[in-house]
Amino acid sequence: MPTQLEQLRAMTDVVADTGDIAAIEAYRPLDATTNPSLLFKAAQLPAYESLLGEAKQRAKDYAGDANKGAALHLGVLIGLEILKLIPGRISTEVDARLSFDTKATIEEARTLIKLYNDAGVTNDRVLIKIASTWEGIQAAKVLEQEGINTNLTLLFSQAQAIACAEAGAFLISPFVGRILDWFKAKNPDADYNGVNDPGVMSVTSIYNYFKQHGYNTVVMGASFRNIGEIQALAGCDRLTISPALLEELQNTSDDLPQVLSASNTGEPVEKISMDEVTFRTMMNADAMATEKLAEGIRGFVADQNKLEDLLANA
């Protein structure tokens, strides 16, 4: 019997949720994703020690804060190393401190893609990660029209997903585990296993809605707490998975049935016409999504600051 990781690859594109070169070499994902938290961890690995000095050197030409410039360059330098090992795309994130600034998000995304282009990497191998705020989604709309593909992250709700799809985002990363965390904190005794997991239910709903209404935006489940969540989403367009859970799937040989399929999306769901008022109204009604989005941005900002402090002292 093939491993569950091998079975999963037959129905879903597997992405590594890490900046660790060793893990990427071991599990051979199609794509890889990074964020400020993962970059902060990666920057402390011996494999990347030489890149810290190089990032600081390159940042001397950066017009803004030197430490921010060094972090920007480090993200691209790590991305370039990862691209040597994967056939697909690297996701590199815009500074989370820009999550509510459409213009600044667009400008930083253009800077990031230029750094990749200058290193000989074409746009079709990069995704620019942006938080799924209304402002971030509008930035993604502009970038997609310019041929810069985007990955909308920190996504917890149907409102965010629909707005991203209507903006033409290449890919969304709906979070599973963080949704589960919120519900478990509210109802610790509830059964949230398998298909009862609220994060799994959210991604399933988004996937089915997209397929029913013909959106081309890729659905990539993210932020998993256990392999049960992954198993319950087998068949999703893509799943980005941490090294620990990739290892667990590699060591599991039970049959893995396909759960999600574009040919079986359940009962028809009416299409929602999304505008800013509808988006903000739906988000306001969704306490979980509102709280987790804000919490996620705060967390990424904190790790961005840690990364810049690390570079300042390198």
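At what angle do the axes of helix α6 and helix α7 cross? The legends below begin with that pair. This is a predicted model, in which local features need pLDDT of at least 70 and side-chain atom pairs count only at pLDDT 80 or more, while totals for chains, interfaces and linings use all residues. Residues are numbered from 1 along each chain as its sequence is written, and side-chain values use heavy atoms, with hydrogens and water left out.

**View 1. Helix α6 against helix α7.** The axes of α6 (residues 102-118) and α7 (residues 134-145) cross at roughly 45° and come within 8 Å. Helices here are DSSP runs of H or I with at least four residues, strands are runs of E with at least two, and both are numbered from the N terminus. Axes are lines fitted to C-alpha atoms, for helices over the stretch in contact, and angles run from 0 to 180 degrees between N-to-C directions. The two helices are therefore oblique to each other (under 35 degrees counts as roughly parallel, over 145 as roughly antiparallel, 65 to 115 as roughly perpendicular, and the rest as oblique). The crossing of α6 and α7 is right-handed, a term for a near helix turned clockwise from the far one by less than a right angle; left-handed is anticlockwise. T102, T105, I106, A109 and R110 of α6 meet E135, Q138, A139, V142 and L143 of α7, where contact means heavy atoms within 4.5 Å. Five of these contact residues are nonpolar, three polar and two charged (Ala, Val, Leu, Ile, Met, Phe, Trp, Tyr, Cys and Pro count as nonpolar, Asp, Glu, Lys and Arg as charged, and the others, Gly among them, as polar).

**View 2. Helix α7 against helix α13.** The axes of α7 and α13 (residues 276-285) come within 11 Å and cross at roughly 140°. This pair is therefore oblique as well, and the crossing of α7 and α13 is right-handed. On α7 the contact residues are W134, E135 and I137, and on α13 they are E276, F279 and R280. The contact of α7 with α13 has three nonpolar and three charged residues, and no polar ones.

View 3. Among the buried residues are Q160, I162 and C164. The buried residues of α8 pack against α7, β5, β6, α10, α13 and α14. After α8 comes G168, which has a positive phi near 85°.

**View 4. Helix α8 against helix α10.** The axes of α8 and α10 lie 10 Å apart, at an angle of about 30°. Q158, A161, I162 and A165 of α8 touch S205, I206, Y209 and F210 of α10. Six residues of this contact are nonpolar and two are polar, with no charged ones.

**View 5. The largest nonpolar core.** This core has 100 residues, and those with the most contacts inside it are L8, L74, I82, I172, F210 and I241. A nonpolar core is a set of buried Ala, Val, Leu, Ile, Met, Phe, Trp, Tyr and Cys residues joined through side-chain atoms within 4.5 Å. Its largest share, ten residues, comes from helix α5 (residues 66-83). Leaving aside residues up to four places away in sequence, I172 touches residues including L152, C164, F210 and M220.

Definitions and conventions. Buried < 20%, exposed > 50% of the residue type's maximum accessible area, 1.4 Å probe, protein only.
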